[in-house]
Each structure stands twice: as structure tokens, then as C-alpha cells.
Amino acid sequence: MMSDPFAEFSLDRRFDLDAQALRQAYLARSAQVHPDRFTDPLEQADAVEHMSRLTDAYRVLCDPQLRAKALLALSGLEAEGDRDKLPPDLLMQMMEVREEMESAIESRNQTELERLRGWATQQRDQYLAGLARDFEQKLDVASAAQIRMKLNALRYMQRMLEQMPSASQAD
């Protein structure tokens with residue numbers, strides 16, 4: 001089982017986190033354990049290790065996808081068979097949208113690229129909202145499978161947004 005990033009900050013295991021409260025908790029905890037606070041080499045080495053764990057936990061909790069994966073892993077309900085499952089028709093839809101994106105890039109159609117970026121952003125936001133709702137419910141094997149499917153779809157949307165050229169790149 002993975003380490004618990006929520007425990008590093010004494011937070012309840014939940015998907016919806018207050019980003020500002022998390023940042024404040026990170027800053028407060030890192031100030032307590034920062035290696036520069038210690039002069040003894042052994043204490044400093046321990047502080048470096050603790051700071052590394054703290055930073056890793058913060059990175060996981062700041063990213064909704066990583067946070068959802070951590071919650072699934074900590075629940076013990078993650079099944080191997082769910083790893084690559086996608087919502088029905090998503091692959092076909094993504095192929096069509098990617099073709100539209102490639103055409104818009106080739107023709108330097110910034111209006112069409114912005115429309116596609118808006119679509120992908122809306123889809124990403126809908127999947128994130130769905131994850132938030134799913135994690136509010138009691139987790140079981142079926143809901144964990146639905147969460148995994150949404151995470152896979154979210155990964156597709158995020159990848160598309162990352163690969164889409166910005167306005168300056170499209171010119």
C-alpha cells in the first residue's frame with residue numbers, strides 16, 4: 001500500500017480539498033521540518049527525508065488526478081481490470097476531435113482551436129465534478145470502477161489540452 005499523503009498534513013481523506021488551506025498546511029509543516037533548521041547532521045538527514053515526503057504528498061494532493069488515484073489506492077478497491085477502461089464511445093469521439101484539431105492546426109484556424117480547447121476544458125471540468133461527486137459517496141467496487149473510468153477519460157482530456165498549441169504556437 002502507498003504512503004498516505006493526507007496523513008502528512010493531518011487531513012481527512014477526501015477529494016475536495018481547500019487549495020489555500022492545503023498550501024498553508026504545507027508551508028507550516030515545511031517550516032517545522034526544513035533541513036536548514038537543524039545543525040546536527042543526523043537530524044538534518046532526517047529532515048531532508050521528511051521534507052521530501054512532505055513535498056511528494058503536497059504534489060499529489062495539489063493535482064486532482066493524483067489525489068483521486070491516491071484515494072483509490074488507499075481505499076484498497078482498485079482492481080487491475082479497471083486500469084484502461086474508458087467510458088463508452090470516448091475513443092471514437094476522441095479520434096474525431098483529434099482529426100478536427102489536426103485540421104485546425106494545419107489550416108491555422110485559431111477559432112476552431114479555441115472551440116476545441118473549450119470543449120476539452122468543459123469535458124475535463126465535467127469529469128472532475130463527477131469525481132468529486134463519486135468520492136462523496138461510499139466507495140465500493142462498482143464506484144471505484146466508475147472512478148477509474150473517469151480518471152482514464154480525464155487523462156485523455158488533459159493530454160489533448162497539453163498537446164494543443166497555444167495561440168502564439170498556432171500562428
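Which residues of α2 are buried? Before I reply, two remarks on the source. This is a predicted model, in which local features need pLDDT of at least 70 and side-chain atom pairs count only at pLDDT 80 or more, while totals for chains, interfaces and linings use all residues. Residues are numbered from 1 along each chain as its sequence is written, and side-chain values use heavy atoms, with hydrogens and water left out.

The buried residues of α2 are Leu22, Ala25, Tyr26, Ser30 and Val33; buried means under 20% relative accessible area, with a 1.4 Å probe and protein chains only. Viewed down the axis of α2, these buried residues fall within an arc of 125 degrees, so they line one face of the helix. That arc is taken over the directions from the helix axis to the C-beta atoms. Helices here are DSSP runs of H or I with at least four residues, numbered from the N terminus.

As for its dimensions, α2 covers residues 19-33, and its 15 residues reach 21 Å from first C-alpha to last, close to the 21 Å expected at 1.5 Å a residue. The expected span is 1.5 Å times one less than the number of residues. At the N-terminal end, aspartate 18 caps α2, with a side-chain oxygen 3.0 Å from the backbone nitrogen of glutamine 20.

What do the buried residues of α2 pack against? Their partner is α3, residues 41-62. The axes of the two helices, α2 and α3, come within 10 Å and cross at roughly 175 degrees; axes are lines fitted to C-alpha atoms over the stretch in contact, and angles run from 0 to 180 degrees between N-to-C directions. The pair is therefore roughly antiparallel, a term for angles over 145 degrees. Residues making the contact include Arg23 and Arg29 of α2, and His50 and Tyr58 of α3; contact means heavy atoms within 4.5 Å.

Finally, I turn to α4. Its 12 residues, 64-75, should span 16 Å, and the end C-alpha atoms are 16 Å apart, which agrees. Aspartate 63 caps the N-terminal end of α4, a side-chain oxygen lying 2.8 Å from the backbone nitrogen of glutamine 65. The buried residues of α4 pack against α1, α3, α6 and α7. After α4 comes glycine 76, with a positive phi near 75 degrees.

Definitions and conventions. Buried means under 20% relative accessible area, exposed over 50%, partly exposed in between (1.4 Å probe, protein chains only). A polar contact is a pair of N or O atoms within 3.5 Å; within protein, one must be able to donate a hydrogen and the other to accept it, and residues adjacent in sequence count only if both atoms are side-chain atoms. Angles under 35 degrees count as roughly parallel, over 145 as roughly antiparallel, 65 to 115 as roughly perpendicular and the rest as oblique.
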